[in-house]
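I opened the model to look up a helix, an aromatic contact and a pocket. My notes follow in the order I made them.

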Amino acid sequence: LYVKKKKIYEGKILGLSVYEGKIEGRKVKREMIEHRGAAAMLAFDEEGKVILVKQHRFPHGYVLEIPAGTLEKKEKPIKCAFRELEEETGYGAKKMTPLITYYPSIGYNAEVIHCFVASGLKKIADLKLDEDEILSVVKMDMQKLLKMIKSGKIQDSKTICAVLTYASKKKLY
């Protein structure tokens, strides 16, 4: 049971806290990254292609990933998913189906990522990017995307988790 929390840092999208307490009678201390969580969308266009974003991610450079974004304060993950899909790709979705929820770094990070399958897509707007977002939309066949994951060309955890979970449920590999 953790009884003491000390906030070390509070930034725009994350904070850092130190927790102290006892587990099974032993004193423990844990450093935790605090994050509101995120929604990520495995989105298929009208031709069945996966909509990805090629985004600059410091310090790794450009990476290919599924669209995603941080939840606003008290925002529900599904609402975030609809909002972020439109902002990052210009597409609106008729439906968001929960796919998988996971902790990307469970040992030191409170972030949880909620992955959805976005369907019934229609291009409805131009991109609405934050000032520091540098990205472009890329459409890709699911089989090519699976090959890129298996070969290590895609290393983003939310993309890997969403695509492999979807593929296993559809028995695509």
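This is a predicted model: local features need pLDDT of at least 70, side-chain atom pairs count only at pLDDT 80 or more; totals for chains, interfaces and linings use all residues.

**Helix α1.** Next I checked the length of α1. Its 13 residues should span 18 Å at 1.5 Å a residue, and the end C-alpha atoms are 18 Å apart, which agrees.

I then listed the buried residues of α1: Cys-80, Ala-81, Glu-84, Leu-85, Glu-88 and Thr-89. Seen down the helix axis, these buried residues fall within an arc of 130°, so they line one face of α1. An α-helix has 3.6 residues a turn, so residues three or four places apart point the same way.

I searched for aromatic pairs and found one in the structure. The ring centres of Phe-44 and Tyr-166 are 5.0 Å apart and the planes are at 40°, so I logged the pair as tilted. Phe-44 belongs to strand β4 and Tyr-166 to helix α3, so the pair ties together parts 122 residues apart in sequence. Are the two partners buried or exposed? Phe-44 is buried, at 15% relative accessible area, and Tyr-166 is buried too, at 16%.

**Largest pocket.** I noted a volume of about 1400 Å³ for the largest pocket. Of its 41 lining residues, Ile-13, Gln-55, Arg-57, Thr-70 and Lys-158 are the closest to the centre. Elements giving two or more residues to the lining include β4, β5 and α3. The largest share, four residues, comes from α1. By class I recorded 15 nonpolar, ten polar and 16 charged residues in the lining.

Notes. Residues are numbered from 1 along each chain as its sequence is written. Side-chain values use heavy atoms; hydrogens and water are left out. On a 1 Å grid over the protein atoms alone, a cavity is a set of points where a 1.4 Å probe fits but cannot get out, and a pocket is an open set with protein on both sides within 12 Å along at least five of seven lines; lining residues have an atom within 4 Å of a point. Grid points are joined across faces, edges and corners, and a volume is the space filled by probe spheres set on the points. Ala, Val, Leu, Ile, Met, Phe, Trp, Tyr, Cys and Pro count as nonpolar, Asp, Glu, Lys and Arg as charged, and the others, Gly among them, as polar. The expected span of a helix is 1.5 Å times one less than its number of residues. Buried means under 20% relative accessible area, exposed over 50%, partly exposed in between (1.4 Å probe, protein chains only). The arc is that of the directions from the helix axis to the C-beta atoms. Rings of Phe, Tyr and Trp (its six-membered ring) pair if their centres lie within 6.5 Å; planes under 30 degrees apart count as stacked, over 60 as edge-to-face and the rest as tilted.
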